[in-house]
Amino acid sequence: MSNGPHVLSAVALDAVGNLSAENSVNVTVNNDWVPPEVALTSPASGVIIEGGADLEATASDDRQVVRVAFYVDNQWLGEDLTPPYSWRFVSDEVLNGPHTLTARAYDAAGQSTTSAPVTVVTSNPSVAELDAELHVPAC
């Protein structure tokens with residue numbers, strides 16, 4: 001149903017075909033059709049991360065952003081409920097090598113949008129390297 005004012009009407013029909021008087025009610029429909037927008041603003045693509053980095057995102061919606069979730073390689077890291085949206089990425093929790101970071105914003109209607117991906121490289125002295133071809137730790 002389109003947004004705006006509408007009139008809903010109903011009549012009752014019994015088993016022998018008698019109709020009741022029509023009853024109507026005025027309603028206003030206010031659907032949220034617009035998903036939020038989100039951008040991962042930090043870190044920049046190509047950055048080498050040693051130890052950790054603060055992930056930062058901006059998000060907006062025509063109504064309300066209710067949360068922004070942060071991901072590394074499509075794995076949930078955490079979420080922030082209030083702007084400015086951020087999360088601490090502890091890089092020694094993943095293998096050394098390239099990783100894709102994203103942020104996903106959600107609005108009050110449950111719609112969501114994922115940011116453009118940002119590729120970073122983790123380089124932690126106590127963590128194994130990631131074999132890019134086999135996607136396993138390389139010793």
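Predicted model: local features only at pLDDT ≥ 70, side-chain atom pairs only at ≥ 80, totals over all residues.
Where is the place of Pro43? Pro43 sits in the loop between β3 (37-42) and β4 (48-49), and the peptide bond leading from Ser42 into Pro43 is cis, with omega near 5 degrees.

A word on the model before going on. Residues are numbered from 1 along each chain as its sequence is written, and side-chain values use heavy atoms, with hydrogens and water left out.

The protein chain has 13 strands and zero helices; strands (E, at least two residues) and helices (H or I, at least four) are DSSP runs, numbered from the N terminus. Along its principal axes, the C-alpha trace spans about 85 × 35 × 20 Å. Buried residues make up 29% of the 139 residues, where buried means under 20% relative accessible area, exposed over 50% and partly exposed in between (1.4 Å probe, protein chains only).

Pro84 lies in the loop between β7 (75-80) and β8 (85-90).

Most residues other than glycine have a negative phi, and most peptide bonds are trans.

| Residue | Phi | Relative accessibility |
|---|---|---|
| Asp73 | near 50 degrees | 34%, partly exposed |
| Asn74 | about 65 degrees | 67%, exposed |

Asp73 is in the loop between β6 (65-72) and β7, and Asn74 is in the loop between β6 and β7 as well.
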